[in-house]
Amino acid sequence: MIAALPRWVKRIPAFLLLLLLCSVVQAQDRVITGKVTDSKDGSPLIGATVTVKGTTQGVSTGADGSFRINVPASAKTLVISSVGYGSQEMSIGSGDVIDATLTATNANLNEVVVVGYGTVRKKDLTGSVATVKEKDFNQGVMSAPDQLIQGKVAGVQILNNSGQPGGQTTVRIRGTASIRAGGGPLYVVDGVQLPGGSARPGMGVSGIGSTPDANPLNFINPQDIVSMDVLKDASATAIYGSRGANGVVLVTTKRGQSGQPKLDIASNFGVSKILKKLKVLSASEYRDALGKYGVTGSDWGSDVDGMDAITRTAFTQNYTVGLSGGTENARMRASFGYMDQQGIVLKSGIKKYTANLNGAYKFLESKKLGVDINILASHVAEDIAPVSTDAGFEGSLIGMALQWNPTRALRNADGSYNIEALNGFPATVYNPLAVSAAYNDKSKTTSVLASVSPYFKITKDLEYRMLLSMNYSLGNRSQYFSNWINIQAIQAVNGIAQTANNEQFTRQVTHTLNYTKQINKDFNLGAMVGYEYFRFEDQGRSMNAQGFNSNSLPYVDYFNGSSTTNRGLNSYHNPTAELQSMFARVNVNLKDKYLATVTMRADGSNKFGSNNKYGYFPSAALAWNISEEDFLKESSFVNTLKLRLGWGRTGNQEFPSGAAQARYIYIGSGAVSQTQYPNPDLKWETSTTTNAGIDFSLLKSRFYGTIEYFIKKTNDLLLVQPVTQPGPNGVIWKNSDGVVTNSGVEFTLNAAIIDKAKLNWTVSVFASFLKNKFDKYTGADLFTGAISGQGLTGALAQKMANGQPLNSFWMARYTGLDHDGNATFEGGDPNVTTNRFFVGSPNPKTLLGFSTTLSVSRFSVTANMNGALGQMVYNNTTQAALAIGNIIGNKNIAKSVYNPNQLENKSASQPVSTRYLEKGDYFKMANLTLSYGLGRISNTFKSAGIFLTGQNLFIITKYTGFDPEVNTPKPINDIPSFGIEYTPYPPARTIMLGINLSL
Amino acid sequence: MKRIKYALIIAGTISSLTGCTKLNESLNGSVAEAEFAKAQDIPGLLKACYTAFRGPYQDQTGIWCLQDMSTDDAIGPTRGGDWDDNGVWRVLHQQSWLPDNQRIQDNFANLLQIVFRTTDIQRFTITDDVRAQALFLRAYATFSTLDLYGKVPFRQVGSDVREAPEVLETDEALAQITTDLTTAIPNLADGPVYVANKWAAKALLAKVYLNKGAFKDRANPSFDAADMAQVISLCDEIIASSKFELETDFFKAFTPNNSQTSKELIFTLENTREEAGNVRFHWHAPTHYNQNPSGWNGFATLATFYDKFEAADQRRGVAYGAFTTNTGMRVGMLEGQQYGKGGVLLKDRSGNNLIFTRDVANIVTGNVETPGIRVVKYVPDMKDDWSADRDNADNDYVMLRYADVLLMKAEALLRTGKGAEALVIVNQIRAIRGATAFASLSLDNLLDERGRELYWESWRRNDLIRFGHFLDAVGTTRPAKSDNKYLLFPIPANALAANPALGQNPGY
């Protein structure tokens, strides 16, 4: 029949055809209304799900807990459930009104957990998946969603690379498994995989260096997120195959609910200040030090603080308006967000405009055809401070401010900046206030992530679903440095300006067929097969110029006025990455006691070498619900007890496309040369994980939690190595022979200590004990941790060696000052490799998270704390920016390097040594929230709440730098460092007041 | 039936929306090898052969630091917290380097990158002229590699780059260089000097013959009479061409636009104000912050080396016309009080007079800014208003110079018993440089003369080895004779790991 259709009909999208062709099942429907309330206090339950048993027909309750559902005449039972509550079945009698009460359960195992390409009941879960719901998110000023779950999931470490609003984080799920970059998790937003990386162009400028990258998740409004699921073990992540090895974070945005239209307004206002100031000499201490060292001409008579001058009290405002509503068959939600977060450093901040629209539509009388749509649009404007990760001896803004001579006024009497006169010579001291004024750096990143997902229930048990998505992101950045600043590299060329546009385009098409069948009373079968195509392309162009004569205009607005001899153009267009995958999953549930999940994914990628085009990633997991066994079923002590065991193989394919091929590239001025060594064997990194876990809930589910053990071995480690010369310029990508083993035990414990109608106290503890080891490696030595500073070119702090954790600190052992005030080191010369030792690891041995909520009537207090123990942090800030040598250079020094009773030689060199390696143990009050829920105020205001949050209230640590929870990227040859601080953008402490209203 | 129909429709939809892809890679911003073979951008490939010289030959981290800083004419002292740089500079001067030294690693790879590019271009359809240029450039880099490391990893044209390269030991490498040069010479042009040319090839070939016996046994260099005859005959061809002559102004060979103005140059690396190598290190690395052009206050020379010059020898340093008038800085060696424009006394950063002192140590203490006599051999390319120097300087980098050819001829004559003839040549040079004539010529004073003429031009180590003095103590900065193993640099650890056929040099 189809073949007979004319050509133009065939071109009608097949789904329109489906609409035309599908027949209709006729049935007599009736309408049932009702209300769902909390059994404890009778408060309405918003968003509870009401479904007709045995069908997928369902609605959600509105803001007052009420629902209205069409049920077929044949329907016998309604199933009512809500997240965090039990589910209840109500039989449908002759009446049209059914009210239900649900009881809250802390460890509700009927809760649905989002897993890759679907959901499962928590009860049926066999892998290691941690879910963090909206109500448990961290509170405070959050520019990106990864901060929402910091300290909330056992085994997950999240470090800030920069305190700049919108700055990138380093996320490690169950330790570091990769030597190279790409050790972070895969993010999946509503089924759409993100490429990883921001479109905001990276930029460096002479005299400052390169600023850290932007957070690639900035495009999401955290207020739009309803839950985040962290897939940790291979049985959960293997369905993501070659992208699953370092964990997967599934971000689920809020959906519309049927019923009365609802308007939610959330707004908050924050005030931030610098969390901690480093201890540098005050003006009077500096004078003393000058005297002790006999340095003259450096006391200028004032009393100033460079850090105070460039930091400020910063204000944040944040508004989100969410609209939702619809009918059972056409639900939608739209939300609009605006956030304006000032940074605590002058001329830094982020403005986010977000819009999110999603809808769920069902068609046909049978409601077998449905379409879900989702659009996340955002525009993120950033002001970027001149704080770099790799500043050389000139330092970047934070270094300049810390070093500023505290006796020297920042401004002259006439208000102008006190800039060291040039006199034909370059300055060596830079006024941080002037640098901030002369440096301008703005970026705009616009992203649209849109997906449409039609689905069709072919039979009662079989559903086909497609997800079509595109994700486009355009980053524009313009930076200029005014010619009046006394930085030689800027002044000599009469000012510089550059602008760049980068774009990223990702497409994903996913088809899945889902089969769920209750074969008989005791046997449930679920199966899913899928096909996926993923394509990523990125390119960019930039231009730069020097020689600007007018300071009345921003240089980036009149490039045409620059000197014609000093203009530059650049572009790149990276090879397109394509990934084509087939995957399948089978779930078996026997009597709710015995569960098994088997998954398999085959990933083909065009960037893999020709001999390894496809990788296969299997997993298997078993679970035993012991509490369903007769001997425990009636136990009043044990409510649930489940044993899980999983094994699986996953991959990490985070290397650039084109890496396997020999290619010719233009290297400037018409010269062309072969780059890259072909490697037809190049493939993904392989991680093999075994996971064992126990889920339990005790005493009417007042105590519940999870204990897990995992061991993850990663081999085929991706490495970039210099090509054996003579050979093509550049590098060869190889799978090396080393093995990284991460193992650990994770505890998640939750307790409802007090559980009364008006008084509740819950406590959650997340603890993980991690081990990391590198072994069996036979290649050339691998180093990272490029240490910055004057006289430190080529200096490094970390080495990968067999038997040691990854990124182990490797340096000289400092043995104190000798009589002449010269630093001494074990074995003598600290630069001789034989005098360098493995002196600690930046990888924490213990990660801790602690959350507690106490609610009394409508008041509640929530505290979220996190910490890490057992790791070392290298303080490159003190070593390079605040060392004793500054005293003769008209610059300030750290208090820790000045001992008036034992003066250090002021011209001592500062090689890398344990002198600057510190214990990084810390425990942080991440956020403390006091909230008051006004409940339903009137028919107009269906609910309202007000809260006050303190973020980063205090840290308990002995670390002397800004924040032990830091990771300034200091890579060497693309191998990322870990646990080094270098004059970073400092973290802030924030007090925030927020209001939520629902109409 | 209906269900089957739907299933068919769905299957059709799936395949219409996404047919399986073959996963062929679209390279976008780079050209696939097969595609490039069609396009054959030969000028682009040739240009890349020349630009590959910039890193290893024009930078302070290039072979300059291996060839000069390991000797008495240069030292890179650590000054307080500055110039420690993981100790890389100090170990070069102290002759105590290890195979993981960054400079030793990078130069090995960078020199061989030239060998690769100049070999790879020969896979394509190229003219005899292009092939001759590539062969000369390959010979140059091969010569430097052999000189520094004692062996040369090498690939035949069109060999599979995935296989480990073969390794040319001394004799094979010498044969390869000689073949490349003799093959190239008939097809090389007469000039210009910044392009591979006939005379450069002959000068390099003379170097090969002169060093042959030293390369074969660095601890006991020998000088075969036939080789010396070759040196003399090649140098004579260059002399007889009448294309080159000594300039009365020694520093003219190192000024901006030097390839066009100086007749002393035989082969240079072209620098323009649009694109240039890092020739500016010659005035940045040694000079003080407060000088114009401003420096990085680093490298110096030893007083013992400075004392080899007569005061009137212009090579020791002179006030240099408009440059000195407008900046106050001299060129050559800078010793004592330094001046700014108009004779202003310059100060150091602590406000003391900026006086470059004779004594220097590996680790300078006290006033770290002033120790050491500085060397500025290239005349800085200043901006039109003399406010600063240019980032892209127009001084072409000097690779082979006529004075070197004359001195090679003199050496070959001296080593074959024709000292009198050699003396005439050397005195001809000394006269034009403003030094007094030698009464007689010995190996020692010829070595010194080469030092005075060619200091900081990346020949000092090569000369010292050939004359048997490389390992000698140089004074307080290297008080004892070094072990024989330091006659060669070690093969870098990463290169050994990547190519098992490469053996480590003895002693490392």
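Me: How do H7(B) and H8(B) cross, left-handed or right-handed?
Reply: In this predicted model, the crossing of H7(B) and H8(B) is left-handed. The axes of H7(B), residues 102-120, and H8(B) come within 8 Å and cross at roughly 155°, which makes H7(B) roughly antiparallel to H8(B).

Me: And which residues of H7(B) meet H8(B) there?
Reply: On the side of H7(B) they are Asn107(B), Phe108(B), Leu111(B), Leu112(B), Ile114(B), Val115(B), Thr118(B) and Thr119(B), and the residues they meet in H8(B) include Ala134(B), Leu137(B), Arg138(B), Ala141(B) and Leu148(B). Sorted by class, the contact of H7(B) with H8(B) has 10 nonpolar, 6 polar and 1 charged residues.

Me: OK, what about the largest nonpolar core, which residues touch the most other members?
Reply: That core has 149 residues, and those touching the most other members are Phe136(B), Ala200(B), Leu204(B), Ala206(B), Val231(B) and Ile266(B). Its largest share, 13 residues, comes from helix H8 of chain B, which spans residues 128-149.

Me: What does Ala200(B) touch?
Reply: Leaving out residues up to four places away in sequence, Ala200(B) touches Phe136(B), Ile266(B), Phe267(B) and Leu400(B). Apart from this core lies another, of 144 residues, with Val153(A), Val230(A), Ile888(A) and Tyr985(A) among them.

Me: Switching to H3(B), which of its residues are buried?
Reply: In H3(B), residues 42-51, the buried ones are Leu45(B), Leu46(B), Ala48(B), Cys49(B) and Thr51(B).

Me: And what do those pack against?
Reply: The buried residues of H3(B) pack against strands E33 (663-668) and E34 (671-675) of chain A, together with helices H4 (54-58), H7 and H8 of chain B.

Me: How many residues are in contact between chain B and chain A overall?
Reply: There are 80 residues of chain B in contact with 76 residues of chain A. Several elements of chain B each supply at least two residues of the side that touches chain A, including H1 (2-17), H2 (33-39), H3, H7 and H20 (493-498), and the largest share, 11 residues, comes from H1(B).

Me: What is that side of chain B made of, by class?
Reply: The side of chain B that touches chain A has 33 nonpolar, 30 polar and 17 charged residues.

Me: One more: where does Val723(A) lie, and is it buried or exposed?
Reply: Val723(A) lies in the loop between strand E37 (717-722) and strand E38 (731-736) of chain A, and Val723(A) is buried because 22 other C-beta atoms are within 10 Å. Its C-alpha atom is separated by 6.8 Å from that of Tyr677(A), although Val723(A) and Tyr677(A) are 46 residues apart along the chain.

Terms used:
Residues are numbered from 1 along each chain as its sequence is written. Chains are lettered from A and ligands numbered from 1 in the order in which they are written. This is a predicted model: local features need pLDDT of at least 70, side-chain atom pairs count only at pLDDT 80 or more; totals for chains, interfaces and linings use all residues. A nonpolar core is a set of buried Ala, Val, Leu, Ile, Met, Phe, Trp, Tyr and Cys residues joined through C-beta atoms within 7 Å. A residue is buried if 20 or more other C-beta atoms lie within 10 Å of its own, exposed if 12 or fewer, and partly exposed in between; C-beta atoms are placed from the backbone. Helices (H or I, at least four residues) and strands (E, at least two) are DSSP runs, numbered from the N terminus. Two residues are in contact if their C-beta atoms, placed from the backbone, lie within 7 Å. Axes are lines fitted to C-alpha atoms, for helices over the stretch in contact, and angles run from 0 to 180 degrees between N-to-C directions. Angles under 35 degrees count as roughly parallel, over 145 as roughly antiparallel, 65 to 115 as roughly perpendicular and the rest as oblique. A crossing is left-handed if the near helix is turned anticlockwise from the far one by less than a right angle, and right-handed if clockwise. Ala, Val, Leu, Ile, Met, Phe, Trp, Tyr, Cys and Pro count as nonpolar, Asp, Glu, Lys and Arg as charged, and the others, Gly among them, as polar.
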